[in-house]
Amino acid sequence: ELNAIAYNAVISACWKGSKWEKAWSFFRAMEQSELETNATTYSAMIGAFHKGVEWDKALYEFSRMTHSQVECNMITCSALINACTKAGEWEKALQIVHAVAQSNVEHNVLSLNAAVIAYTKGGQWERALQFCSVLMQKKLEPNTRTFTALISACDKQDEWENAL
């Protein structure tokens with residue numbers, strides 16, 4: 001019989017293997033076994049939904065997570081933002097970005113990248129630059145993916161001078 005650690009490992013493996021249906025099957029089996037789910041469980045499940053472009057399921061599980069009082073972490077939030085963005089639901093993704101900014105959860109480079117990509121998909125290059133600037137003032141260091149997304153945001157709006 002699997003314990004919570006084993007279930008989390010299997011769900012994470014399904015996430016990495018882009019097998020959201022299998023991940024969800026294990027997630028449900030874990031719940032039926034009355035094992036305690038935690039932030040690791042939900043992060044892996046939401047990440048699997050992200051890979052499967054199942055943003056609505058990701059939102060549903062995120063809602064269940066917050067109602068069951070499992071503490072949210074930035075991995076979970078970033079996966080949720082990415083799931084929405086990948087599905088073209090960039091407005092929903094930005095709602096999550098702003099909700100995270102109002103919460104106790106600290107942004108990290110994963111959430112920074114997810115937010116910049118969401119702003120880019122929404123054609124909001126100025127807000128992407130502002131968001132990045134604010135987080136840099138808080139000593140968060142962007143990476144290559146961040147700068148690539150910012151350059152892409154500016155380029156898509158024919159604002160190449162701002163990309164420099």
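Analyst: The largest pocket is lined by Val-100, Ala-101, Ser-103, Val-105, Glu-106, His-107, Phe-131, Val-134, Leu-135, Lys-138 and Leu-140. H8 makes the largest share, with three residues. By class, seven lining residues are nonpolar, two are polar and two are charged. Here Ala, Val, Leu, Ile, Met, Phe, Trp, Tyr, Cys and Pro count as nonpolar, Asp, Glu, Lys and Arg as charged, and the others, Gly among them, as polar. The space in the largest pocket is about 230 Å³.

A word on the basis. This is a predicted model: local features need pLDDT of at least 70, side-chain atom pairs count only at pLDDT 80 or more, and totals for chains, interfaces and linings use all residues. Residues are numbered from 1 along each chain as its sequence is written, and side-chain values use heavy atoms, with hydrogens and water left out. Helices are DSSP runs (H or I, at least four residues), numbered from the N terminus. A pocket is an open set of points on a 1 Å grid over the protein atoms alone, where a 1.4 Å probe fits, with protein on both sides within 12 Å along at least five of seven lines; lining residues have an atom within 4 Å of a point. Its volume is the space filled by probe spheres set on the points, which are joined across faces, edges and corners.

Now the second largest pocket. Its volume is about 160 Å³. The lining consists of Trp-15, His-50, Lys-51, Ile-75, Ser-78, Ala-79, Asn-82, Leu-110, Asn-113, Ala-114 and Arg-145. H5 has the largest share, four residues. Five lining residues are nonpolar, four are polar and two are charged.

Ser-111 also lies in H7. Ser-111 counts as buried because its relative accessibility is 0% (buried means under 20% relative accessible area, exposed over 50%, partly exposed in between, with a 1.4 Å probe and protein chains only). Neighbours within four places in sequence aside, Ser-111 is in contact (heavy atoms within 4.5 Å) with Met-74 and Ser-78. Ser-78 is also one of the residues lining the second largest pocket.

H6 and H5 lead on to helix H4 (residues 55–67). The buried residues of H4 pack against helix H2 (20–32), helix H3 (39–51), helix H5 (74–86) and helix H6 (90–102). Those buried residues are Ala-58, Leu-59, Glu-61, Phe-62 and Met-65. They lie on the same side of H4 because they cover an arc of only 165° around the axis. The arc is that of the directions from the helix axis to the C-beta atoms. H4 has 13 residues and reaches 18 Å from its first C-alpha to its last, close to the 18 Å expected at 1.5 Å a residue. That expected span is 1.5 Å times one less than the number of residues.

Last, the backbone. Gln-69 follows H4 and has a positive phi, near 65°. Most residues other than glycine have a negative phi. Ser-18, in the loop between helix H1 (4–16) and H2, has a positive phi near 60°. Ser-18 is partly exposed, at 42% relative accessible area. Glu-34 sits in the loop between H2 and H3, with a positive phi of about 60°. Glu-34 is exposed, with a relative accessible area of 72%.

How values were computed
Helix = DSSP H or I, 4+ residues; strand = E, 2+ residues; numbered from the N terminus.
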